[in-house]
Amino acid sequence: MTDRHRIALTVNGRPCEAEVESRRLLVDFLREDLGLKGAHIGCEHGVCGTCTVLMNGESIRSCITLAVQANGSSILTVEGLAGDGRLHPLQEAFWDHQALQCGYCTPGMLLRAHELLQENPRPTAAQVRAAIASNLCRCTGYQFIVEAVLDAARRLEAGATGQGHEPAASRT
Ligand code: FES
Ligand code: FES
């Protein structure tokens with residue numbers, strides 16, 4: 001007999017209800033059931049951080065979180081960062097500082113950085129490094145990522161809402 005549960009949550013600001021197996025992982029629920037492919041699958045063991053999403057504002061590993069554990073919560077994926085046809089200032093800064101190469105770690109990095117800037121709008125470089133230590137990047141050497149997060153903090157403090165680059169989905 002299949003063990004299924006009804007869950008209700010908010011994903012990127014939108015209410016969502018679904019019936020899921022008790023063993024269904026949150027990352028699979030987001031990617032396969034909701035079509036939100038931004039949460040990437042890497043190690044599947046809670047180590048690399050590429051599956052990072054925010055649950056009620058706190059970063060979690062969606063590869064080791066069950067969908068039923070997200071019941072009643074508010075989930076933010078990288079798809080929810082951009083708004084009104086504009087990239088988030090963090091995304092703008094990553095773009096401008098070339099803070100990615102293959103991009104596999106980027107959604108998780110952006111959400112971890114977003115969490116940091118919500119808690120600490122003026123981090124030092126050392127604090128950025130400490131924050132993103134939870135997320136592995138095999139390409140960049142991290143320096144451009146740190147510079148991008150510091151720049152995003154300055155942009156947000158200056159009241160930036162994101163401009164200049166459009167999200168891919170809105171480009172023709
Ligand atoms: S895929 Fe989740 S931490 Fe690596
Ligand atoms: S940009 Fe390739 S893993 Fe980070």
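**Entry 1: contacts and overall form**

Among contacts between residues at least 6 apart in sequence, what percentage join residues at least 24 apart? I looked this up and got 62% for the protein, where a contact means that two C-beta atoms, placed from the backbone, lie within 7 Å. I kept in mind that this is a predicted model, in which local features need pLDDT of at least 70, side-chain atom pairs count only at pLDDT 80 or more, and totals for chains, interfaces and linings use all residues. Residues are numbered from 1 along each chain as its sequence is written, while chains are lettered from A and ligands numbered from 1 in the order in which they are written.

Next I checked the dimensions. The C-alpha trace spans about 55 × 30 × 30 Å along its principal axes. The radius of gyration is 16 Å, which agrees with the value near 16 Å for a compact globule of 172 residues; it is taken over C-alpha atoms, and the globule rule is 2.2 Å times the number of residues to the power 0.38. I also noted that 40% of the 172 residues are buried, meaning 20 or more other C-beta atoms within 10 Å of their own, against 12 or fewer for exposed and in between for partly exposed, with C-beta atoms placed from the backbone.

**Entry 2: the sheet**

I found 5 helices and 5 strands, in the order β-β-α-β-β-β-α-α-α-α from the N terminus. These are DSSP runs numbered from the N terminus, helices being H or I of at least four residues and strands E of at least two.

The 5 strands form an open, mixed sheet in the order S2-S1-S5-S3-S4; strands pair if DSSP finds at least two bridges between them. S2 (14–21) and S4 stand at the edges with a single partner strand each, so one side of each has no neighbour in the sheet. The twist averages 40 degrees from one strand to the next, with axes fitted as lines to C-alpha atoms (for helices over the stretch in contact) and angles from 0 to 180 degrees between N-to-C directions.

I then followed the pairs. S1 (residues 4–11) runs antiparallel to S2, with 8 bridges, and Val 11 has Arg 14 as its bridge partner in S2. Helix H3 (residues 106–119) packs on the sheet, touching S3, S4 and S5, at about 35 degrees to S3.

Which residues stand across from Leu 54? In S4 the bridge partner of Leu 54 is Ser 59, and in S5 Leu 54 stands opposite Leu 76. S3 (residues 52–55) and S4 (residues 58–61) are antiparallel, joined by 4 bridges. They make a hairpin with 2 residues between them, and Asn 56 in the turn has a positive phi of about 50 degrees.

**Entry 3: two domains**

I looked up the domain assignment, which comes from an automatic or database source, and it gives domain 1 (4–80) and domain 2 (89–164). Their centres, taken over C-alpha atoms, are 22 Å apart. The contact takes 15 residues from domain 1 and 12 residues from domain 2. On the domain 1 side, S3 gives the largest share, 3 residues.

**Entry 4: Leu 136**

Last, I visited Leu 136, in the loop between helix H4 (125–132) and helix H5 (143–157). Leu 136 counts as partly exposed because it has 17 C-beta neighbours inside 10 Å. Leaving out residues up to four places away in sequence, Leu 136 touches Cys 48, Gly 49 and Cys 105.
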